[in-house]
Amino acid sequence: MRRLFLVSVLLLAACGTADQPSTPAPGGSGATTKIKLQLQWFYQAQFGGYIAAVDQGFYKEQGLDVELLEGGVDIVPQTVLAQGKADYAVAWVPKALASREQGAGITDVGQIFARSGTYQVAWKDSGISSAADLKGKKVGNWGFGNEFELFAGMTKAGIDPGKDVTLVQQQFDMQALLKKEIDAAQAMSYNEYAQLLEAKNPATGKLYTADDFSIIDWKNEGSSMLQDAVWANTEKLSDPAYQQQTVKFLTATIKGWAFCRDNAEKCRDLVVAKGSKLGKSHQLWQMNEVNKLIWPAAGAGIGVIDEAAWKQTVDLSQTTKNQTGDTVLTKAPEGLAYTNDYINQAIEQAKAAGVDVTGSSFQPATVTLEEGGV
């Protein structure tokens with residue numbers, strides 16, 4: 001059986017750090033500073049705020065010329081960052097913390113997603129509605145560090161993933177569930193779950209509905225972990241110019257996400273134009289669901305790292321075991337694993353520019369999906 005906790009496979013290269021030149025002060029003398037942001041996956045509304053910040057000129061306002069680097073199956077964003085091939089990266093917290101333990105010098109400077117969007121989805125008539133119901137079932141997951149919440153949920157339910165379930169390496173789609181080759185499938189609320197609702201029920205000739213499925217939401221099971229965050233180079237954070245650049249980058253990023261909150265259809269169009277392989281109705285669903293993970297933003301505003309959520313992520317990473325007994329982390333993170341210093345400064349600058357940084361009045365839309373997500 002293929003081992004799942006694969007996140008460390010591509011990480012050791014991050015241990016070496018080359019001498020980094022001082023970061024030029026962004027926007028000095030009217031010039032723009034070129035920086036690269038490594039995304040976690042292919043272009044989609046999951047990254048709408050960054051795409052909007054480029055398109056709407058929010059980064060340029062801060063003196064930054066930002067290049068977005070598209071992700072993919074074989075790209076580990078935090079490793080790209082640690083190797084000096086990007087200036088910032090978007091990555092899930094437990095994956096990035098595993099990289100830090102392997103030697104990657106990275107710091108969470110902006111927790112953009114305040115909530116997890118990971119589901120385990122089953123057919124409604126399967127009797128699966130909680131983690132405990134997975135015992136004895138064929139359980140799909142993607143691996144590559146995406147399975148941590150699933151394993152944490154099973155651990156809390158007293159299920160040994162090495163003995164009590166049959167783990168199946170799942171493709172990045174929902175075909176295995178639709179064909180009933182597995183009993184439960186991993187899905188993101190903003191992506192793969194929508195793929196189910198875009199599929200036609202051959203028995204009725206109509207699209208499936210939410211009533212056809214049951215959802216295990218890890219937020220309700222107490223095993224959710226922090227996901228999309230902006231990570232910076234820890235060593236370079238000692239450079240005042242890079243500190244200033246980080247504040248400016250985060251300020252523009254806040255503007256981008258606020259723009260997508262208030263202009264979901266416009267951001268959908270920007271994502272589709274960027275080359276997304278998913279259609280317009282799917283991307284609008286995704287934009288709406290991603291907004292739910294960000295807004296409303298508690299406390300000071302978007303991107304602030306909540307200590308309780310951070311602690312839960314770290315605790316689960318140290319105690320959850322996979323089917324071979326390995327844990328995500330062997331010890332608590334050391335050094336500057338996260339800081340709110342730069343996001344708090346960015347929030348104040350965004351507020352001064354008239355940006356609503358909390359989105360307290362945000363209300364999600366109702367999105368109608370089309371067959372195939374077109």
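**Stop one: a helix pair**

Select H1 and H9: these two helices run roughly perpendicular to each other (65 to 115 degrees counts as that). H1 spans residues 48–55 and H9 residues 240–262, and they pack at an angle of about 105° with axes 7 Å apart. Helices here are DSSP runs (H or I, at least four residues), numbered from the N terminus. Now show the side of H1 in contact (heavy atoms within 4.5 Å), which includes Gly 48, Tyr 50 and Ala 53. From H9, the partners include Ala 252, Trp 257, Phe 259 and Cys 260. The contact residues divide into seven nonpolar, four polar and no charged.

A word on the model: it's predicted, with local features needing pLDDT of at least 70 and side-chain atom pairs counting only at pLDDT 80 or more, while totals for chains, interfaces and linings use all residues. Residues are numbered from 1 along each chain as its sequence is written, and side-chain values use heavy atoms, leaving out hydrogens and water.

Cys 260, at 0% relative accessibility, is buried (under 20%). Cys 267 is buried too, at 1%.

**Stop three: a loop**

Finally, pick Lys 277, in the loop between H10 (264–273) and H11 (280–294). Its 71% relative accessibility makes Lys 277 exposed (over 50%).

Notes: Axes are lines fitted to C-alpha atoms, for helices over the stretch in contact, and angles run from 0 to 180 degrees between N-to-C directions. Angles under 35 degrees count as roughly parallel, over 145 as roughly antiparallel, 65 to 115 as roughly perpendicular and the rest as oblique. Ala, Val, Leu, Ile, Met, Phe, Trp, Tyr, Cys and Pro count as nonpolar, Asp, Glu, Lys and Arg as charged, and the others, Gly among them, as polar. Buried means under 20% relative accessible area, exposed over 50%, partly exposed in between (1.4 Å probe, protein chains only).
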